[in-house]
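User: I'd like to learn how to read helix packing and cores in a model like this one. Can you walk me through it?

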Amino acid sequence: MAPARRRKFEASFKLKVVKFAKEHNNCAAASQYGVTEKMVRDWKANEDALKSMPSSKCALRRGTPHWSELEKHVADMVHEHRQNGYVVTRNKIRMFALQWGKSNPDHSKGFKATVSWCTRFMERHNLVLRQKTKIAQKLPADLDGKTVIKSFKKCGISNSLDGMEDDFLWQDEGEAKAEATPSDSELDPYDDCLTN
């Protein structure tokens, strides 16, 4: 069986259902308009809010944050940490908000740093989770040629077609520079397999 699709109802429809429920009863309104009785009870309880919102709006969500002072301090903390190069995670945001809320109970009555609050907070303040990277911080024009060549050689990237790409291309100064001697090749047991 397929899951039931969620439906949304505009404020004008909700008010029509509430009016019908007041004239008759909640059960009659629910069966008349194809909604649940619980919805009718909730809409009746929020009738004043439904009257104050635009008729085409569906949800009772607020456009402004409920704890604006708390969110201001949390947003300042996030910007400060980002400027100093620290990583800011959702958990860090929520923990800071809880700590600030405990120390300022007047501005955070009933505050619970839920995951959904954190998501809405980040949307309201245009915040994203990102990490400052060290890759490609310098532009190629700022690099000297030797560094680029050394990097390519260390990776084994070569543009020569004379068979040199199969050979060892680069060796750091600290590594031992030993040249192959005839005795080394004589001791290699795999050389016999390749020649046969």
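Predicted model: local features only at pLDDT ≥ 70, side-chain atom pairs only at ≥ 80, totals over all residues.

User: What does the secondary structure of the protein come to?

Analyst: Helices (H or I, at least four residues) and strands (E, at least two) are DSSP runs, numbered from the N terminus. Here you get ten helices and zero strands.

User: At what angle do α1 and α2 pack?

Analyst: Angles under 35 degrees count as roughly parallel, over 145 as roughly antiparallel, 65 to 115 as roughly perpendicular, and the rest as oblique. Helix α1 (residues 11-23) meets helix α2 (residues 26-33) at about 135°, with the axes 8 Å apart, so α1 and α2 are oblique to each other.

User: Which residues make the contact?

Analyst: Contact means heavy atoms within 4.5 Å. From α1 come F13, K16, V17, F20 and A21, and from α2 come N26, A28, A29, Q32 and Y33.

User: How do I read a nonpolar core, and which residues touch the most other members of the largest?

Analyst: In soluble globular proteins, nonpolar side chains tend to be buried together. A nonpolar core is a set of buried Ala, Val, Leu, Ile, Met, Phe, Trp, Tyr and Cys residues joined through side-chain atoms within 4.5 Å; buried means under 20% relative accessible area, exposed over 50%, partly exposed in between (1.4 Å probe, protein chains only). The largest core has 17 residues, and L70, I93, F111, W117 and F121 touch the most other members. At least two residues each come from α5 (68-83), α6 (90-103) and α7 (115-124), with α5 giving the most, five. F111 touches W67, L70, A97, L98 and W117, leaving out residues up to four places away in sequence. Another core lies apart from it, with 14 residues, including V18, A21, A30 and M53.

User: And is N126 buried or exposed?

Analyst: N126 is exposed, at 70% relative accessible area. You'll find N126 in the loop between α7 and α8 (145-155), with a positive phi of about 50° although it is not a glycine.

Notes
Residues numbered from 1 in each chain as written. Heavy atoms only, no water. Axes fitted to C-alpha atoms, helices over the stretch in contact; angles between N-to-C directions.
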